[in-house]
Amino acid sequence: MTSASVSSVQAAVEALRKAMISGDRTELAKCASEELIYRHSTGRSENKQQFIDGTANGSSKISDAVVSDQTVTLIDNVAVVDHVLKRVPRMPAPGKEGGSSMKVLAVWMLRDGQWKMVARHSVKI
(Lines give C-alpha, C1' and ligand atoms only; values in the text may rest on other atoms or scores of the structure.)
Protein backbone atom coordinates (compact mmCIF):
# COMPACT_ATOMS: atom_id res chain seq x y z
CA MET A 1 0.00 0.00 0.00
CA THR A 2 1.10 3.55 -0.59
CA SER A 3 1.33 6.44 1.83
CA ALA A 4 -1.83 7.77 0.15
CA SER A 5 -3.62 4.71 1.54
CA VAL A 6 -2.38 5.48 5.05
CA SER A 7 -3.56 9.05 4.66
CA SER A 8 -6.99 7.84 3.50
CA VAL A 9 -7.28 5.71 6.67
CA GLN A 10 -6.22 8.70 8.75
CA ALA A 11 -8.90 10.76 7.01
CA ALA A 12 -11.51 8.10 7.88
CA VAL A 13 -10.42 8.13 11.53
CA GLU A 14 -10.69 11.92 11.55
CA ALA A 15 -14.17 11.77 9.97
CA LEU A 16 -15.22 9.36 12.74
CA ARG A 17 -13.75 11.65 15.42
CA LYS A 18 -15.72 14.61 14.07
CA ALA A 19 -18.92 12.54 13.76
CA MET A 20 -18.55 11.36 17.36
CA ILE A 21 -18.30 14.98 18.54
CA SER A 22 -21.20 16.24 16.41
CA GLY A 23 -23.39 13.17 16.92
CA ASP A 24 -24.22 13.23 13.20
CA ARG A 25 -26.03 9.94 12.56
CA THR A 26 -25.41 10.03 8.80
CA GLU A 27 -21.67 10.50 9.21
CA LEU A 28 -21.48 7.87 11.97
CA ALA A 29 -23.27 5.40 9.68
CA LYS A 30 -20.83 6.15 6.85
CA CYS A 31 -17.89 5.29 9.11
CA ALA A 32 -19.26 2.03 10.53
CA SER A 33 -19.61 -1.32 8.81
CA GLU A 34 -22.82 -3.31 9.14
CA GLU A 35 -20.85 -5.93 11.10
CA LEU A 36 -19.43 -3.44 13.60
CA ILE A 37 -18.38 -4.67 17.04
CA TYR A 38 -17.78 -1.57 19.18
CA ARG A 39 -16.41 -2.44 22.61
CA HIS A 40 -16.25 0.25 25.28
CA SER A 41 -13.56 0.45 27.94
CA THR A 42 -16.19 -0.81 30.39
CA GLY A 43 -16.49 -4.06 28.40
CA ARG A 44 -19.93 -3.22 26.99
CA SER A 45 -20.29 -4.20 23.33
CA GLU A 46 -22.48 -2.52 20.74
CA ASN A 47 -23.49 -3.24 17.18
CA LYS A 48 -23.68 -0.53 14.53
CA GLN A 49 -27.12 0.80 15.46
CA GLN A 50 -26.38 0.78 19.18
CA PHE A 51 -23.10 2.64 18.53
CA ILE A 52 -24.88 5.28 16.44
CA ASP A 53 -27.72 5.70 18.96
CA GLY A 54 -25.38 5.89 21.95
CA THR A 55 -23.07 8.36 20.26
CA ALA A 56 -25.80 10.57 18.80
CA ASN A 57 -27.98 10.92 21.88
CA GLY A 58 -26.75 8.70 24.67
CA SER A 59 -24.22 8.77 27.46
CA SER A 60 -21.35 8.58 24.97
CA LYS A 61 -21.79 12.20 23.79
CA ILE A 62 -18.56 14.15 23.93
CA SER A 63 -17.67 17.79 23.44
CA ASP A 64 -14.13 17.11 22.24
CA ALA A 65 -11.82 14.24 21.38
CA VAL A 66 -8.10 14.46 20.71
CA VAL A 67 -6.25 11.65 18.95
CA SER A 68 -2.52 11.20 19.55
CA ASP A 69 0.23 8.60 19.09
CA GLN A 70 -1.59 7.07 16.13
CA THR A 71 -0.17 4.25 14.06
CA VAL A 72 -1.79 2.70 10.99
CA THR A 73 -0.81 -0.78 9.80
CA LEU A 74 -2.12 -1.80 6.38
CA ILE A 75 -2.64 -5.42 5.32
CA ASP A 76 -4.25 -5.59 1.89
CA ASN A 77 -7.69 -3.94 2.30
CA VAL A 78 -7.56 -3.96 6.12
CA ALA A 79 -6.14 -1.27 8.38
CA VAL A 80 -5.31 -1.70 12.04
CA VAL A 81 -5.36 1.66 13.81
CA ASP A 82 -3.87 2.14 17.26
CA HIS A 83 -4.02 5.46 19.11
CA VAL A 84 -4.65 7.32 22.32
CA LEU A 85 -7.97 9.15 22.57
CA LYS A 86 -8.61 11.88 25.11
CA ARG A 87 -12.36 12.41 25.49
CA VAL A 88 -14.13 15.35 27.10
CA PRO A 89 -17.76 14.50 27.92
CA ARG A 90 -20.56 17.01 27.31
CA MET A 91 -21.92 16.54 30.82
CA PRO A 92 -19.03 15.32 32.98
CA ALA A 93 -19.65 13.57 36.25
CA PRO A 94 -18.45 15.43 39.34
CA GLY A 95 -14.69 15.08 39.59
CA LYS A 96 -14.39 13.97 35.95
CA GLU A 97 -14.39 17.43 34.32
CA GLY A 98 -11.06 16.78 32.60
CA GLY A 99 -12.36 13.82 30.66
CA SER A 100 -10.61 10.51 30.22
CA SER A 101 -7.88 8.99 28.12
CA MET A 102 -7.99 5.58 26.56
CA LYS A 103 -5.95 3.39 24.29
CA VAL A 104 -7.99 2.45 21.21
CA LEU A 105 -7.42 -0.39 18.76
CA ALA A 106 -9.67 -0.35 15.70
CA VAL A 107 -9.92 -2.47 12.57
CA TRP A 108 -11.03 -0.80 9.36
CA MET A 109 -11.83 -2.43 6.02
CA LEU A 110 -11.78 -0.84 2.58
CA ARG A 111 -15.11 -1.57 0.87
CA ASP A 112 -16.19 -0.07 -2.42
CA GLY A 113 -13.50 2.60 -2.11
CA GLN A 114 -14.52 3.63 1.44
CA TRP A 115 -12.91 2.79 4.78
CA LYS A 116 -15.40 1.31 7.28
CA MET A 117 -14.71 0.53 10.92
CA VAL A 118 -15.34 -3.17 11.56
CA ALA A 119 -14.21 -3.46 15.18
CA ARG A 120 -13.04 -1.21 17.98
CA HIS A 121 -11.85 -1.88 21.51
CA SER A 122 -10.66 0.60 24.11
CA VAL A 123 -9.10 0.49 27.55
CA LYS A 124 -8.76 3.32 30.04
CA ILE A 125 -5.25 4.58 30.69
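Q: Which residues does Leu 28 touch, not counting residues up to four places away in sequence?
A: Leu 28 touches Leu 16, Ala 19, Met 20, Gly 23, Phe 51, Ile 52, Thr 55 and Ala 56. A contact means heavy atoms within 4.5 Å.

Q: What kind of model is this, and what must a feature reach to be counted?
A: The model is predicted: local features need pLDDT of at least 70 and side-chain atom pairs 80 or more, while totals for chains, interfaces and linings use all residues. Residues are numbered from 1 along each chain as its sequence is written, and side-chain values use heavy atoms, with hydrogens and water left out.

Q: What makes up the secondary structure of the chain?
A: The chain has three helices and six strands. Their order along the sequence is α-α-β-β-α-β-β-β-β. Both kinds are DSSP runs, numbered from the N terminus: helices are H or I with at least four residues, strands are E with at least two.

Q: Why is His 40 called buried?
A: Buried means under 20% relative accessible area, exposed over 50%, and partly exposed in between (1.4 Å probe, protein chains only). His 40 has 11% relative accessibility, so it counts as buried. His 40 lies in the loop between β1 (32–39) and β2 (45–46).

Q: What makes the meeting of His 40 and Glu 46 a polar contact?
A: A polar contact needs a pair of N or O atoms within 3.5 Å; within protein, one must be able to donate a hydrogen and the other to accept it, and residues adjacent in sequence count only if both atoms are side-chain atoms. The side chains of His 40 and Glu 46 are in polar contact at 3.0 Å.

Q: How many residues does the chain have, and what share counts as buried?
A: The chain has 125 residues, and 34% of them count as buried.

Q: Which residues of the largest nonpolar core touch the most other members?
A: They are Val 9, Leu 16, Leu 28, Phe 51, Trp 108 and Met 117, out of 26 residues in this core. At least two residues each come from α1 (3–22), α2 (25–31), β1, α3, β3 (62–75), β4 (78–89), β5 (100–111) and β6 (114–124). Helix α1 gives the most, with seven residues. A nonpolar core is a set of buried Ala, Val, Leu, Ile, Met, Phe, Trp, Tyr and Cys residues joined through side-chain atoms within 4.5 Å.

Q: Why might nonpolar side chains be found buried together?
A: In soluble globular proteins, they tend to be.

Q: Which residues of helix α3 are buried?
A: In α3 (residues 48–57), the buried ones are Lys 48, Phe 51, Ile 52, Gly 54, Thr 55 and Ala 56. At the start of α3, a side-chain oxygen of Asn 47 comes within 3.1 Å of the backbone nitrogen of Gln 49.

Q: What makes Lys 48 and Glu 34 a salt bridge?
A: The rule asks for a side-chain nitrogen of Lys or Arg within 4 Å of a carboxyl oxygen of Asp or Glu. The side chains of Lys 48 and Glu 34 meet at 2.7 Å, N to O. The pair links distant parts of the chain, with Lys 48 in helix α3 and Glu 34 in strand β1, 14 residues apart. Lys 48 has 12% relative accessibility, so Lys 48 is buried. Glu 34 has 61%, so Glu 34 is exposed.

Q: How many salt bridges does this rule give?
A: The count is seven. One of them joins Glu 35 to Arg 111, with the closest N and O atoms 3.0 Å apart. Here β1 holds Glu 35 and β5 holds Arg 111, 76 residues apart.

Q: Why is Glu 35 called partly exposed?
A: Its relative accessible area is 42%, so Glu 35 falls in the partly exposed class. Arg 111, at 32%, is partly exposed as well.

Q: Why are Glu 27 and Lys 30 separated by about one helical turn?
A: They are three residues apart in helix α2. An α-helix has 3.6 residues a turn, so residues three or four places apart point the same way. The side chains of Glu 27 and Lys 30 meet in a salt bridge at 3.1 Å, N to O.

Q: How do β5 and β6 pair, in the parallel or the antiparallel sense?
A: They pair in the antiparallel sense over ten bridges. Strands pair if DSSP finds at least two bridges between them, so β5 and β6 qualify.

Q: Why is Met 109 called partly exposed?
A: Met 109 has 25% relative accessibility, so it counts as partly exposed. Met 109 sits in strand β5.
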